[in-house]
Amino acid sequence: MRADRSLGFPSVPGTRRGRPRSAQAHRAVLEAARDLLSAGHYEQMTMDAIAARAGVGKQTVYRWWRSRAEVVAEAALGGYLVLESPAPADTGDIAADLGEWLGIHFQRLAEPGTEAMIRGLAAAAADSDTDAERLYAHLTGPTRQHLTERLSAGVAAGELRADADLGTLAESVIGALLYRVLTRRSATRADAESLIDLLLRGAAAG
């Protein structure tokens, strides 16, 4: 084995010299949280399970995080957890577009990994005011913005009243998604269309 003359130690094939062991362990823990949530195992995602999956000692996990909720929050903010939520389409029919958007998201909630991820993020937000604000800015805020912009287009097109509270409408749609996750209630495309029809009825232009 060839010696590394700059350090006086033999170089080890397959390792990155200069990268701290703690950084590797830190990343392994966040990747473990991602893998466990992707498999739909939030309830089973204990600190012991995270440590075992990451290949580190439990004390290593507790060195950086007090709870699994904190691990989930950092994994999300660090880009290890990705929840894609594209903007609603604009076909000129606000009810159809939002019904389609909500229906697609209801379908995604049926996927164990997606449901577990959202449950974990909700727990992380409930555990810390600071994490709640950061997660909102990183995840929920952009979704609210997408919905508000589509609703604004509905106002401009004369489909919705100019004085309609678009922020509240957007939050009601997001709230419907979270309700389904937290109560473990399934929903269909028809449920999505019915809910959107109900929400928009009070905001429709006369």
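Student: What makes the lining of the largest cavity count as nonpolar, polar or charged, residue by residue?

Tutor: In this predicted model, the largest cavity is lined by Leu-98, Leu-151, Leu-169, Val-173, Ile-196, Leu-199 and Leu-200. Leu, Val and Ile belong to the residue types that count as nonpolar, and the lining therefore divides into seven nonpolar, no polar and no charged residues.

Student: Which elements give two or more residues to the lining of the largest cavity, and how much space lies in the cavity?

Tutor: Helix 8 and helix 9 (189–201) are the elements that give two or more residues, and helix 9 supplies the largest share, three residues. About 40 Å³ of space lies in this cavity, and a search of the whole structure finds one cavity of 30 Å³ or more.

Student: What makes the other space, of about 590 Å³, a pocket and not a cavity?

Tutor: A cavity is a set of points where a 1.4 Å probe fits but cannot get out, whereas a pocket is an open set. The space with a volume of about 590 Å³ is the largest pocket, so by that definition it is open. Of the 24 residues that line this pocket, the closest to its centre are Leu-83, Ile-118, Leu-139, Thr-140 and Leu-178. Two or more lining residues come from each of helix 5 (94–109), helix 6 (112–127), helix 7 (129–156) and helix 8 (166–183), and helix 7 gives the most, with nine residues.

Student: How do the residues of that pocket lining divide by type?

Tutor: The lining of the largest pocket divides into 15 nonpolar, seven polar and two charged residues.

Student: Why are the buried residues of helix 2 said to line one face of the helix?

Tutor: In helix 2 (residues 47–54), Met-47, Ile-50, Ala-51 and Ala-54 are buried, which means that each has under 20% relative accessible area. Seen down the helix axis, these buried residues fall within an arc of 95 degrees, so they line one face of helix 2. An α-helix has 3.6 residues a turn, so residues three or four places apart point the same way.

Student: Which residues lie on the other side of helix 2, and what follows the helix?

Tutor: Ala-52 and Arg-53 lie on the other side and are exposed, which means over 50% relative accessible area for each. Gly-55 follows helix 2, and its phi is positive, near 75 degrees.

Technical notes:
Residues numbered from 1 in each chain as written. Predicted model: local features only at pLDDT ≥ 70, side-chain atom pairs only at ≥ 80, totals over all residues. Heavy atoms only, no water. 1 Å grid on protein atoms, 1.4 Å probe; cavity = no way out; pocket = protein on both sides within 12 Å on 5 of 7 lines; lining within 4 Å. Points joined across faces, edges and corners; volume = space filled by probe spheres on them. Helix = DSSP H or I, 4+ residues; strand = E, 2+ residues; numbered from the N terminus. Buried < 20%, exposed > 50% of the residue type's maximum accessible area, 1.4 Å probe, protein only. Arc of directions from axis to C-beta.
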